[in-house]
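Here is a short tour of a protein model, written for someone who is just starting out. Keep the 3D view open while you read.

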Amino acid sequence: MFFRSIRGMFSNDLSIDLGTANTLIYIRGQGIVLNEPSVVAVRHDKTSGSKIVLAVGEEAKQMLGRTPQNVTAIRPMKDGVIADFTVTEKMLQYFIHKVHESNMLQPRPRVLICVPCGSTQVERRAIKESAAGAGAREVYLIEEPISAAIGAGLSVHEPRGCMVIDIGGGTSEVAVISLNGIVYSESVRVGGDTFDDAIVNYVRRNYGTQIGEVTAERIKHSIGSAFPGSEVLEIDVKGRSLAEGVPRSFTLNSNEILEALQEPLSVVVEAVKMALEQTPPELGADVAERGIVLTGGGALLRDFDRLIEEETGLPVVVAEDPLTCVARGGGRALEMLDAQETGMFATE
Amino acid sequence: MNPSQDFSPEVQTTTDPSSGPGRRLRELRESRGIEIERVIAQLHLQRDIVEALEQDRYEGLPPPVFVAGYLKSYARLLGTDPEPIVSAYRSTIPGDDHRTTQPKTAPRKGRFSNAWIWILLLAVIGGGAAGGYFWWQGQGTQAPEGLEPTADTSAPNGSDGNATISADTADAADGVSEEEPNDSATKAPPDAIPLRSQEPAPQPEPAVPQETSEQATDTAPPEEPASETPEQESEPEEPIGPPQVALEFTGTTWIDVRDAQGKVVLNGEMREGDRRVLTGEPPYKLVIGNAAATRMTVGGEDFDVQRRARGNVARFSLDPEAPQ
């Protein structure tokens with residue numbers, strides 16, 4: 001116990017956005033120090049039957065879909081929660097060590113982890129225990145919308161409603177926040193990954209060609225949009241023809257991707273409408289006056305704000321640096337932890 | 001419907017860049033002949049908010065994240081690049097700390113120096129404690145073999161500052177101070193532990209009283225077993241000091257005894273069956289952790305330790321001349 005606290009003195013408090021697509025770590029006073037894909041490459045040793053972690057993060061992501069038989073590149077998080085406990089623990093351990101590289105002692109930081117508000121008690125406990133197993137001295141949980149709102153710069157402690165839409169890799173969270181707490185929240189298991197899947201399916205259906213997740217993500221980043229724009233963008237894509245079985249090249253444009261994304265986008269829009277419907281009238285008036293804040297990596301999808309704006313008739317603003325909002329908000333929440341303002345932390 | 005399609009995209013900003021972002025947007029809007037109502041409708045904002053934006057009055061407006069978003073949407077609506085407008089707005093916000101996540105090294109440095117101070121402090125304390133422990137250990141184990149002959153010679157002698165504790169079973173059992181060593185010396189007590197012996201320490205040989213008595217008398221007087229010679233037997237009797245204070249333990253207890261000089265006479269954990277006779281200069285200051293398991297005699301008479309105890313811990317001063 002004593003040595004743990006000694007090692008704790010050499011460890012920085014961390015706020016971790018343990019996302020389905022990316023893991024971000026924010027250190028108090030230093031900002032975002034790590035932003036890597038939540039991917040782990042594991043090698044299966046057939047002789048001993050054991051699994052060895054080969055690569056984590058960016059390096060492992062490059063292996064996605066390109067691995068030999070004995071290597072598997074795993075995304076241990078699915079839909080915002082842990083899909084593979086052991087691999088998640090290893091990944092967290094790697095990331096925590098990576099941000100404490102200069103330390104001689106094994107780090108024992110206090111860790112705040114952001115969890116989807118729709119996650120179950122079991123899923124939250126799994127995240128907590130995974131972080132503890134990765135070396136965390138103390139583990140706190142915070143619900144993603146609150147963290148995102150703090151990170152976006154909203155005054156969540158005021159008795160005034162604000163609506164946050166956080167579009168992550170695996171889940172999208174819509175929440176109305178007031179007085180450091182969530183008044184209403186809606187979590188849908190649609191996010192950046194669903195958009196990628198939708199693109200893969202669209203290309204397979206319309207072009208008879210199979211493309212990988214990484215390619216789909218690249219298409220989304222390059223020409224993806226959520227609302228018809230003034231200009232039509234194009235991208236050259238290579239995939240495997242399902243009919244001929246050989247790689248072939250073709251061109252996709254942004255209107256096609258918009259069409260491909262219609263289904264998952266409508267799920268998010270429905271969740272927002274549902275949240276507005278369920279919000280108490282006073283808070284709804286606050287939201288109508290100020291607008292909705294969009295955070296998360298999904299907010300970077302071109303004209304997503306305009307889609308929500310047109311669908312709801314409310315002003316929608318994209319937070320600055322939306323990808324890191326949750327992690328930064330968690331970092332600020334850690335500072336509040338020292339000020340004993342613990343009301344915003346989630347219980348298991 | 002795409003609002004930006006309503007206006008020509010190739011807009012040249014001809015306004016004065018030194019004016020506020022809101023004024024620049026208003027001038028741009030007016031130069032295009034667009035009514036403010038249209039902006040209100042397109043941005044889904046209230047009239048007073050749009051007017052405040054155009055007049056660069058940000059006091060009554062929502063937090064900066066919203067204002068920056070409104071300005072961005074407004075600029076996009078007019079078909080101009082929103083970035084210069086938003087950055088111009090951000091430059092007007094004092095202490096806008098959430099726009100960057102650049103590493104700030106200062107707090108880290110402070111934190112580490114703080115940690116080092118803690119470590120140094122702990123190292124100093126730890127070093128001191130370890131040094132004290134080894135010193136105490138060294139004192140305790142300096143002359144374990146030569147205990148038998150010297151324990152009695154040194155034990156009662158409080159005048160020379162020799163703070164040896166002799167745990168003479170015979171002594172303690174009798175509870176008599178000066179007269180009894182005659183008997184006890186012959187019995188050669190097995191477990192006397194000198195805490196601060198100076199003369200007994202260098203004794204190289206254990207006492208084997210019966211067999212090596214001649215050799216012992218040849219070498220050095222303090223080494224001589226106290227069993228044979230009458231001079232040595234009488235030695236402890238010479239100083240006439242205060243009545244002897246003996247402690248007998250019927251259970252495990254922690255004890256700390258200091259003499260008038262503040263020197264440690266007895267310190268540590270005693271076990272069941274241990275007996276100790278206090279030396280050093282009275283009066284003594286005693287702290288007994290388990291008063292119920294401690295029996296004390298002063299000059300052979302029972303001294304009620306429990307009467308002095310609060311809870312089960314007794315803290316008191318004892319002058320053997322006037323024990324009550």
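This is a predicted model: local features need pLDDT of at least 70, side-chain atom pairs count only at pLDDT 80 or more; totals for chains, interfaces and linings use all residues.

## A pocket in chain A

Let's begin with some empty space. Rolling a probe the size of a water molecule over the atoms shows where empty space is left. The second largest pocket holds about 710 Å³ of space. It has 38 lining residues, and those closest to its centre are Ala21(A), Asn22(A), Glu217(A), Gly297(A) and Leu323(A). Which element gives the largest share of the lining of this second largest pocket? That is α7(A), with 5 residues. Several elements of chain A supply at least two lining residues each, among them β2 (22-27), β3 (31-37), α6 (192-207) and α7 (213-223). Sort the lining of the second largest pocket by class and you get 16 polar, 12 charged and 10 nonpolar residues.

Strands of a sheet pair through backbone hydrogen bonds, either parallel or antiparallel. In chain A, 3 strands make an open sheet in the order β14-β15-β16, with antiparallel pairing. Its edge strands are β14 (209-210) and β16 (247-253), and each of them pairs on one side only. Between β14(A) and β15 (residues 234-241) there are 2 bridges, and Thr209(A) has Ser241(A) in β15(A) as its bridge partner.

Now for the helices. α6(A) packs on this sheet and touches β14 and β16 of chain A, with its direction at about 110° to that of β16(A). α7(A) packs on the sheet too, touching β15 and β16 of chain A, and its direction makes about 165° with that of β15(A).

## A strand tucked away

Is strand β12(A) enclosed or open to the outside? Residues 172-178 make up this strand, and 7 of the 7 are buried, so β12(A) is largely enclosed by the rest of the structure. In a regular strand the side chains alternate between the two faces of the sheet. In β12(A), Ser172(A), Val174(A), Val176(A) and Ser178(A) point one way, while Glu173(A), Ala175(A) and Ile177(A) point the other way, and all are buried.

A hairpin of 4 residues connects β11(A) to β12(A). The hairpin of β12(A) and β13(A) has 2 residues between the strands, and Leu179(A) takes a positive phi near 50° in it.

Ala327(A) sits in helix α11 (residues 325-338). It has 0% relative accessibility and so counts as buried. What does Ala327(A) contact beyond its neighbours within four places in sequence? The answer is Ser15(A), Asp17(A), Leu24(A), Tyr26(A) and Ile32(A). Tyr26(A) is 301 residues away from Ala327(A) along the chain, yet their C-alpha atoms are separated by 5.8 Å.

Arg137(A), in the loop between α4 (121-133) and β10 (138-143) of chain A, gives another example. It is 28 residues from Pro109(A) in sequence and 5.4 Å from it in space, C-alpha to C-alpha. With 24% relative accessibility, Arg137(A) counts as partly exposed.

## Over to chain B

Chain B has an open sheet of 4 strands in the order β4-β1-β6-β7, with antiparallel pairing. β4 (275-278) and β7 (301-303) of chain B are at the edges with a single partner strand each, so one side of each has no neighbour in the sheet. From one strand to the next, the twist averages 30°. β1 (residues 245-249) of chain B is joined to β4(B) by 4 bridges, and Glu248(B) stands opposite Arg275(B).

Look next at the loop between β4 and β5 (284-288) of chain B, where Pro283(B) is found. The peptide bond from Pro282(B) to Pro283(B) is cis, with omega near 0°.

His44(B) is not a glycine, but its phi is positive, near 60°. It lies in the loop between α2 (36-43) and α3 (47-54) of chain B. Asp321(A), also not a glycine, has a positive phi of about 50°, and its place is the loop between β18 (316-318) and α11 of chain A.

Definitions and conventions: Residues are numbered from 1 along each chain as its sequence is written. Chains are lettered from A and ligands numbered from 1 in the order in which they are written. Side-chain values use heavy atoms; hydrogens and water are left out. Two strands pair if DSSP finds at least two bridges between them. Axes are lines fitted to C-alpha atoms, for helices over the stretch in contact, and angles run from 0 to 180 degrees between N-to-C directions. On a 1 Å grid over the protein atoms alone, a cavity is a set of points where a 1.4 Å probe fits but cannot get out, and a pocket is an open set with protein on both sides within 12 Å along at least five of seven lines; lining residues have an atom within 4 Å of a point. Grid points are joined across faces, edges and corners, and a volume is the space filled by probe spheres set on the points. Ala, Val, Leu, Ile, Met, Phe, Trp, Tyr, Cys and Pro count as nonpolar, Asp, Glu, Lys and Arg as charged, and the others, Gly among them, as polar. Contact means heavy atoms within 4.5 Å. Buried means under 20% relative accessible area, exposed over 50%, partly exposed in between (1.4 Å probe, protein chains only).
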